[in-house]
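Follow along in the viewer as you read.

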Amino acid sequence: MRHEDSLFISSNIFALSRVIKLLSIRYSQDPDGDEYMKNQFKFTLSGGKTNPSNFIVSENLIADNYNSKEIEEMAPTIAELTNKLTNLSMPKETHLAILSAPEIGCHHPRLASKKTVPVVSLHDLGGLCDSCPLSFKIDIERGIFNPYRCWRRGHRAERFGFVYNLSLHNVRDEWIINNNKRHNKISSSQLVLASLRSEFSRKSENAEIKFNLLDKRMASTMMIVIKIKSKKVSQYDEVDEIKSILPTQMLVSSHVEVNSAFSNSANTEKLPEFLSELIESIGQKWRTNSPSKNSMGILSMSVIYNKSKDLVESIMPSLINLNLKIKAIEWSKLEVEFIESIDKTLKTESGVSVCLFLDPIMDVGGDFN
Amino acid sequence: MNISRGRVLLSEFIKFSDKSIHLIKNKFLEFTRRGFSSNKIHWIYFGLLFSALLGGKIIAIKGPFDSISNESFIVAILFAIIGYLSSNRLSNDSRISIPLYISSIIIILLLLVSGFTGIHEWPNYYRNILGYITLAFISLWAGILAGDMKSPPWMGNLLFKQHILPQMKKNDLRFLHWDGEGIISIVEIDDVIMKWYESRKMITINELTLDQFSPVCLDERRGVITPGLEQLREIYSIYPTLWENSMKTHLELLEKGYKRICWLNLLQIIIPKSPSSLSQERKWMKTNSNFVHINDISRKFSWPLPESVQISEHSMLTKPLLNYCLSEEDTDDLQQIELEIVEQLFPKLESRCQAYGNMLRSFTHLLVVLRQEMEITSGSTKKQCRISITELSQWFKSLNLQQELFPENGRETYSVNSEQWSSWVDKSLIQPATVFLRLHDLLSEEVTSDDNDHQGDLNSGIAGLINECTRRVIDTASFRPKDNFDNDDYIISSFISDAGGNRKIAMLVGIWKMLLLVSLLKRTEEVTI
């Protein structure tokens with residue numbers, strides 16, 4: 001993979017992640033978490049200070065017959081205090097240690113066997129959230145893009161989901177990411193898009209991207225769609241843009257020579273290697289840059305195709321080697337609305353799109369790093 | 001040789017005659033503008049009365065008044081009224097008063113000469129004419145004496161013209177005029193036509209009220225303009241107290257004009273051009289100067305802040321400040337001068353000039369209110385206001401590159417008056433976190449509203465601003481000095497208190513920015529914080 005491709009994809013993923021992180025400080029992933037997030041945000045704005053008077057017991061409430069030593073002995077340990085507080089309903093409190101996992105909609109199968117699971121422990125590496133993807137599967141044929149219901153992965157508020165479409169081209173027998181605006185699109189909620197536009201406007205090199213409002217039914221997923229252009233492009237630049245426009249306008253230019261290679265089939269020999277390298281790189285970047293350190297990178301993949309079975313067969317072995325859940329699905333088996341969001345050209349043209357389902361996990365209370 | 005010498009002489013002569021003509025013309029103009037002293041009027045009046053009495057009394061049988069009829073009463077009343085009503089004009093404008101004066105002297109001479117010689121030998125007709133003319137002139141001068149010129153300001157005006165103006169010229173002082181459209185000009189003392197209107201109790205310079213002017217010192221060599229009020233006061237002090245009292249109105253009006261120019265300088269020059277200077281202490285402000293175009297020449301304008309930026313008048317609080325200071329017209333529309341400032345500050349933004357204009361107006365009011373707060377408070381609040389001004393100024397200058405924050409001219413935009421800012425500033429200083437949160441929600445609603453799908457650029461601008469403000473607060477709030485200074489309690493505590501102060505300042509700066517934006521897009525009554 002070329003260095004500029006790697007840079008292009010990583011800077012876009014980084015921008016997406018940065019924006020989501022920034023918004024995660026103020027907005028909840030779940031509608032039930034709005035009140036909590038509001039308190040959390042207020043708490044942050046006020047300098048992260050808790051009013052100690054909430055925890056002070058008035059002297060007149062302490063019985064006279066207790067002396068200070070007895071009071072000291074009666075004082076609970078930190079663990080006991082956490083345990084007690086976790087079982088109390090404290091809607092104004094913002095500390096994750098005293099919120100319990102069921103309160104944030106955790107439905108991990110192992111939760112029932114545990115006595116008390118504070119939310120803060122879910123954020124530990126090796127906590128319940130790390131094993132959750134093994135228990136719940138994405139099944140796009142049945143319309144399940146996000147099988148989770150918790151505040152961390154569920155995204156029921158439909159604020160942070162996105163679909164990032166990019167496409168691969170074969171130029172002079174080399175596979176590259178097309179960084180043209182027409183071939184790069186990020187679809188998301190109004191909230192994320194507005195911040196993304198602002199983020200991208202600061203970096204002129206990333207300005208070549210199109211923004212779209214995401215369909216509500218896809219708004220809880222975080223997905224990257226890689227479209228594989230099976231046509232070969234001899235040299236893709238501004239001249240090619242003009243070349244492609246001229247015939248449709250019934251125009252001819254003697255200065256621009258239309259290359260016959262433009263419509264030739266692409267050499268797919270190097271594609272599997274390039275694709276697996278690209279997917280690995282995306283997974284790695286999402287794991288390190290996503291809005292949570294618990295991120296698993298890519299949870300699963302789907303290869304959606306129309307007719308191009310040869311191409312699918314050529315890429316599948318290398319994708320299977322990536323050790324990710326993968327399934328090849330013919331486009332007609334998916335609902336039309338989903339195909340519209342993933343790659344609408346598949347409805348009419350032959351082609352292949354690889355959908356990477358990124359781990360949508362986010363930290364409760366937002367990422368302050 | 002002789003020919004060339006002749007040419008030189010000729011050109012010298014032409015130059016000399018040109019200069020002479022110019023000098024004579026100037027002297028004449030100066031003379032015509034100078035007006036007439038009351039002494040001269042009193043003397044001429046006395047002379048007329050005396051000569052009429054004398055000329056009339058010596059040959060009583062055949063005097064100038066022996067055959068004038070009852071209509072003389074009407075003539076006397078008519079001329080007295082004319083004299084009374086035009087007292088100011090007749091006494092101030094030498095083009096009229098000089099002929100009147102000369103005519104009066106001729107009449108006096110005629111009366112005296114004829115009284116001692118043989119007026120009785122004159123035909124009745126001539127005697128009657130002389131009688132009527134004498135009566136008319138006596139009545140006219142009486143009217144003039146009873147008119148405007150009877151008042152002390154009239155006297156003061158005369159004294160000012162005859163004594164102060166020459167002194168001002170000698171001390172290289174000029175008048176600075178700042179008109180209702182924001183255009184600044186310098187009026188040379190030679191070009192000053194000063195009048196006192198008794199009926200309107202008004203003094204004018206070249207038909208413009210005196211309170212639009214202020215004395216200035218112009219350093220031609222360095223091109224620097226500084227206030228000249230102190231020098232004028234010094235000139236005043238050399239005259240007797242009685243004179244000073246007579247010219248009190250002039251000084252008061254010029255002081256008013258000076259204060260007006262202090263405000264206009266603040267609103268029209270300092271805030272748009274160097275707003276950060278408003279955060280400085282007053283003693284440093286004196287050295288600040290900005291370049292302005294005066295009479296098509298770029299000059300350094302060094303003018304102090306108003307003595308007090310406290311706004312107490314209701315109309316000043318509720319109206320756009322610049323409109324209020326420029327003119328009394330009751331309009332809230334953007335003035336041409338405001339659009340011109342916007343054009344200078346943010347070139348190439350013609351399609352968004354209305355929004356930028358309203359932003360400039362709100363920004364001006366906010367800065368004045370913050371400065372006011374800075375002057376009346378102390379300690380941390382003063383510091384918060386000072387840093388707010390500095391940071392807002394830097395942000396305001398960067399708006400040129402943030403077009404996405406401003407809607408196109410088609411969309412209605414609004415501005416905020418000083419009264420509203422005072423209330424918002426008070427509330428924000430007390431409860432910054434709550435206000436910040438409310439503004440955050442208000443602006444987020446604007447971004448996520450389905451009605452605003454079409455305004456992608458504006459949404460991105462708003463989102464960018466919210467993110468920037470929030471990030472800044474969180475960055476300052478999450479400052480943890482303990483990691484670095486584990487063993488030094490003193491440093492920890494001082495850093496913690498600094499972090500708290502910085503967080504509040506970051507929050508306040510965010511509040512001002514968000515308020516400026518939200519109030520640009522929504523009506524004030526829709527902005528509940």
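**Entry: the sheet.** I began with an open sheet in chain B, where 6 strands run in the order S2-S1-S6-S7-S9-S8 with mixed pairing. I took two strands as paired if DSSP finds at least two bridges between them. Helices (H or I, at least four residues) and strands (E, at least two) are DSSP runs, numbered from the N terminus. The edges are strand S2 (184–187) and strand S8 (290–294) of chain B, each pairing on one side only. From one strand to the next, the twist averages 40 degrees.

**Entry: a note on the model.** This is a predicted model, in which local features need pLDDT of at least 70 and side-chain atom pairs count only at pLDDT 80 or more, while totals for chains, interfaces and linings use all residues. Residues are numbered from 1 along each chain as its sequence is written, and chains are lettered from A and ligands numbered from 1 in the order in which they are written.

Entry: I looked at S8(B) with strand S9 (residues 297–301) of chain B: they pair in the antiparallel sense over 5 bridges. Within S9(B), B:Arg299 stands opposite B:Val292. Helix H10 (residues 248–273) of chain B packs on the sheet, touching S1, S6, S7, S8 and S9 of chain B. The direction of H10(B) makes about 65 degrees with that of S6(B). Axes are lines fitted to C-alpha atoms, for helices over the stretch in contact, and angles run from 0 to 180 degrees between N-to-C directions.

**Entry: two helices.** How do H14(B) and H15(B) cross? The axes of helix H14 (residues 336–345) and helix H15 (residues 353–376) of chain B come within 9 Å and cross at roughly 105 degrees. They are therefore roughly perpendicular (65 to 115 degrees). Among the residues that meet are B:Leu339 and B:Ile341 in H14(B), and B:Tyr356 and B:Leu360 in H15(B). Contact here means C-beta atoms, placed from the backbone, within 7 Å.

I also checked H15(B) by itself: 19 of its 24 residues are buried, so it is largely enclosed by the rest of the structure. Buried means that 20 or more other C-beta atoms lie within 10 Å of the residue's own, with C-beta atoms placed from the backbone.

**Entry: where the chains touch.** I found 24 residues from chain B and 18 residues from chain A in the contact. On the side of chain B, helix H18 (432–448), helix H19 (456–477) and helix H20 (489–521) each give two or more residues. The largest share, 13 residues, comes from H19(B).

Definitions and conventions: Parallel < 35°, antiparallel > 145°, perpendicular 65-115°, else oblique. Contact = placed C-beta atoms within 7 Å. Buried ≥ 20, exposed ≤ 12 C-beta atoms within 10 Å, placed from the backbone.
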